[in-house]
Amino acid sequence: MSMTDGPTPLPEAAAAQAAADREAVAAGPGSSVTPERRGRPGIFGAWGEKWNALPRQQQWAFLIVVVILAYMLPLINPPIITTEPGNNFALACFDMARFALIAVGLNVVVGYAGLLDLGYVAFFAVGSYCAAMLTSPDSPFLHIPYLWTIPIAMAVTMFFGVVLGVPTLRLRGDYLAIVTLGFGEIVRILATIIPAMKGQVGFQNVGHPPGTEADGTPIFSNSNGVPWYWLTLTIIIIITLLVGNLERSRVGRAWIAIREDEDAAEIMGVPTFKYKVWAFAIGAAIGGLSGALFAGQVGFVNNQKFDVTTSILFLAAVVLGGAGNKVGAIIGGALVSYIPLRFTAIAEYKYLIFGIALVLIMIFRSQGLFPARQRLLAYGRTAYQRVAKKDGASLPSNGKPPTGLRPDRDREKGIQA
Amino acid sequence: MTLLEVEGISVHYGRIRAIRDMSFSVNEGEVVSLIGANGAGKTTTMKTISGILNPSVGKITFAGEDITKMKAHIRVVRGISQAPEGRGIFPGMTVMENLDMGTFGRKNRAGVPQDLERVFDLFPRLKERIKQYGGTMSGGEQQMLAIGRALMSDPKLLLLDEPSMGLAPQFIRQIFKIIKEINKQGTTVLMVEQNANQALAGAHRAFVLETGEITHSGTGKELLANPAIKEAYLGVG
């Protein structure tokens, strides 16, 4: 058996996979083999396969083009896509980026570790208040430059994530969801009743990054979305790269294992509690970062923007995009923000429309627009190839294995089952 | 030498007691079977040894160390590995990724390639299907994957919770043959089973569990010959 056929050296496995895929399509929702993690081979699924088949260089080249286009978006202001005249397009772009960042953060909690968090807006609120209370002239606290509030907001929300996580992450599933829902409300109500947080009056003139135009107006003004959008987009790219690295690391494998089966993860040697707290803390920090950016751009923070529906909207963004897929989360977040801004006539009915859209997506595409497919082995391609190579060298495919089940007999079983 | 020593443990689910004052030991190099009917406490025993459940009284010693209060994920590092009841594989991961998860807790990374080879020798099916998702495999294949994954942590003690559950008869014979092979290669095995015939035939020693207590013990052959056990578990009067 020769090994000259390049990067797909495992015909048996490929055939088995193809058989499994056929089986998956045929099995349908009533099948006993956990259908929820299997993507339907739809239009996006085909894209995903093509994408994975491309060589690294082409993937990078394509990504660079996409990133440049993303940066140019508010400047190009494409005619059909634009949200004008109803909404300033650059500001809309910032809002989309903000939602995308939130979705990336929530995706760590919900998508990777599988912890249903219905109170994520609380972390967003904590981040917003951090930025506001450390920069606004209305605040009695010490005032520091705005950019310093970003790491501080992340650290503080991370702390809140741990404080919430340690007592609650012993709970699972529905119970955890209810507790996080409660936490979201607690933060909002505290902002109302603690005098120093100024309830509905809020904080005006929240700081912004330094720099002024030639005429003396600040570059990062409330009315100019472009610099804010670029800042947020840059942060999204950095965070996505960091989160992507985590996903492929030991930490990511632990999260996915916890999501798949928590008890099994524990008896594989995964300290499940520790990794759940980490997921919560990292997710919280990204939420706080987003909150600080939001506070800076809007320039005003009060208790009105942090209600439960916002939490649900964040969750909708992740589920819509495809829980567990960071690209899906970015697109889901951007869409959830974009649709009401673009179609202002229907903005009033946005929850109705999102509701219907989510129901339809759950029926026809139960894993979101971009189903998650983690590649958990850091050097997955080479790992599979190494095994395949050994296979070719040491074990003829039609040879009889020393012990174990005979492959020829039950292969048919596998297809029929 | 005694590898695992269970002394007087009782386990409760809330106020319901599933195991009462159970004591037994597993020596290094043995295959030990716990047999019993539904609800006898077999899975509870397994979960208590692997650390998912905690005993309310009693003591568990592993390789001379008291592990009664030890967290499950640390017991894996110490050398206890379990293929859980109902397989407990990760359905959304490929075979290769499942096997990789098995190495999560191990310290000696250098031995991973050999152990992978060993698992593929025991279960050639897994090698053919390294890219297949765990959830799309048949019951027998999932059982192989669960055992293979447990072996990837290089355990001293392998816990098997009903390895024959839901399998066709010829699969069952194969699985027990493989368990014997694993034991020959130097891994101590503790299994619980409903399939008393196979479990007793393949075991050095065995215990019979009834409503949370050990009622009979002896070598596998002795218990196979015991008339009471024949009647209750082997279906011959």
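The model is predicted, so local features need pLDDT of at least 70 and side-chain atom pairs count only at pLDDT 80 or more, while totals for chains, interfaces and linings use all residues. Residues are numbered from 1 along each chain as its sequence is written, and chains are lettered from A and ligands numbered from 1 in the order in which they are written. Helices are DSSP runs (H or I, at least four residues), numbered from the N terminus.

**Helix H12 of chain A and its partners**

- The axes of H12(A), residues 308-321, and H13(A), residues 326-342, come within 7 Å and cross at roughly 130 degrees; axes are lines fitted to C-alpha atoms over the stretch in contact, and angles run from 0 to 180 degrees between N-to-C directions.
- H12(A) and H13(A) are therefore oblique to each other (angles under 35 degrees count as roughly parallel, over 145 as roughly antiparallel, 65 to 115 as roughly perpendicular and the rest as oblique).
- By class, this contact of H12(A) with H13(A) has nine nonpolar, four polar and no charged residues (Ala, Val, Leu, Ile, Met, Phe, Trp, Tyr, Cys and Pro count as nonpolar, Asp, Glu, Lys and Arg as charged, and the others, Gly among them, as polar).
- The axes of H12(A) and H14(A), residues 350-364, come within 11 Å and cross at roughly 35 degrees.
- H12(A) contributes A:Thr309, A:Ala316, A:Val319 and A:Leu320 to the contact, and H14(A) contributes A:Tyr351, A:Phe354, A:Leu358 and A:Ile361 (two residues are in contact if their C-beta atoms, placed from the backbone, lie within 7 Å).
- Seven residues of the contact between H12(A) and H14(A) are nonpolar, one is polar and none is charged.

**Two sides of helix H4 of chain B**

- In H4(B), residues 112-122, the buried residues are B:Leu116, B:Val119, B:Phe120 and B:Leu122 (a residue is buried if 20 or more other C-beta atoms lie within 10 Å of its own, exposed if 12 or fewer, and partly exposed in between).
- They cover an arc of only 160 degrees around the axis, which puts them on the same side of H4(B); the arc is that of the directions from the helix axis to the C-beta atoms.
- B:Pro113 and B:Gln114 are exposed on the other side of H4(B).
- The buried residues of H4(B) pack against helices H3, H5, H6 and H7 of chain B.

**A:Gly296**

- A:Gly296 lies in helix H11 of chain A, residues 272-298.
- A:Gly296 is buried, with 25 other C-beta atoms within 10 Å.
- The C-alpha atoms of A:Gly296 and A:Ala131 are separated by 7.2 Å, although the two are 165 residues apart along the chain.
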